Amino acid sequence: LHLRNCSRCSRRALVEGSMGQLSCKDCGVQPDNDTELKPSAGANQTQTDAQSSKFLAQVKLFQRLPKDQLPLLSSATEPTAFRPGNVVIKQGDAGEEFFIIKSGDASVDVNGKQVATLKEGDYF
């Protein structure tokens, strides 16, 4: 597996090789040449990935993960910001993403009633 930026969907995605053919895990693009799947970002991304690895090491779910695997996990993450009151996912929706709260909090409502508040390091 290789981490690349897909030129079609512009997301950082793991791509897989099958007999030399690469394809994006997100949108399935199979480029005519390797330039359509660009190597992921350089020096600035390295610093961001290091900060992300440090944060992920503090998340209870990942504390048993071997430390040498944190950079790979970090490189597969994509920071996303939500404004207060935004709905991230609704009850009954199919879950297609995994979220870890880096800062702030999120309320969990079941059948219209708040049942929990998630905070930094919590995930869903």
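## Exposure and the model

Buried means under 20% relative accessible area, exposed means over 50%, and partly exposed lies in between (1.4 Å probe, protein chains only). Lysine 54 is exposed, at a relative accessible area of 63%. Serine 53 is buried, at 12%.

This is a predicted model: local features need pLDDT of at least 70, side-chain atom pairs count only at pLDDT 80 or more, and totals for chains, interfaces and linings use all residues. Residues are numbered from 1 along each chain as its sequence is written, and side-chain values use heavy atoms, with hydrogens and water left out.

## Overall layout

The chain holds 2 helices and 6 strands. Both kinds of element are DSSP runs, numbered from the N terminus: helices are H or I with at least four residues, strands are E with at least two. Their order from the N terminus is β-β-β-β-α-α-β-β.

Of the 124 residues in the chain, 23% are buried. The chain exposes about 9,300 Å², and carbon and sulfur atoms supply 49% of that area. The areas come from the Shrake-Rupley method with a 1.4 Å probe; for residues, only the protein chains shown count as cover.

Serine 53 sits in helix H1 (residues 43-58). Leaving aside residues up to four places away in sequence, serine 53 touches Leu70, Pro71 and Ser74. A contact means heavy atoms within 4.5 Å. Lysine 54 is also in H1. Its C-alpha is 9.9 Å from that of lysine 67, 13 residues away in sequence.

The largest nonpolar core has 6 residues: Phe55, Leu56, Ala57, Val59, Phe62 and Leu70. H1 gives the most to this core, with 3 residues. Such a core is a set of buried Ala, Val, Leu, Ile, Met, Phe, Trp, Tyr and Cys residues joined through side-chain atoms within 4.5 Å. Alanine 57 touches Gln63 and Leu70, not counting residues up to four places away in sequence.

E5 and strand E6 (residues 113-118) pair in the antiparallel sense over 5 bridges. Two strands pair if DSSP finds at least two bridges between them. Aspartate 109 stands opposite glutamine 114 in E6. The two strands form a hairpin with 2 residues between them, and asparagine 111 in the turn has a positive phi of about 55°.

Glutamine 91 lies in the loop between helix H2 (70-75) and strand E5 (106-110). Its relative accessibility is 52%, so glutamine 91 counts as exposed. Even so, glutamine 91 touches Asp109, Val110 and Asn111, not counting residues up to four places away in sequence. A polar atom of the glutamine 91 side chain lies 2.8 Å from the backbone nitrogen of asparagine 111.

## Aromatic pairs

Rings of Phe, Tyr and Trp (its six-membered ring) pair if their centres lie within 6.5 Å; planes under 30 degrees apart count as stacked, over 60 as edge-to-face and the rest as tilted. By this rule there are 3 aromatic pairs. Phenylalanine 82 and phenylalanine 99 form an edge-to-face pair, 5.9 Å centre to centre with 70° between the planes. Both lie in the loop between H2 and E5, so the pair ties together parts that are 17 residues apart in sequence. Phenylalanine 82 is partly exposed at 40% relative accessibility, whereas phenylalanine 99 is buried at 16%.

Phenylalanine 98 and tyrosine 123 form a tilted pair, 5.7 Å centre to centre with 35° between the planes. This pair links distant parts of the chain, 25 residues apart: phenylalanine 98 is in the loop between H2 and E5, tyrosine 123 in the segment after E6. Phe82, Phe99 and Phe124 form one aromatic cluster.

Conventions. Polar contact = N/O pair within 3.5 Å; in protein donor to acceptor, adjacent residues only side chain to side chain.
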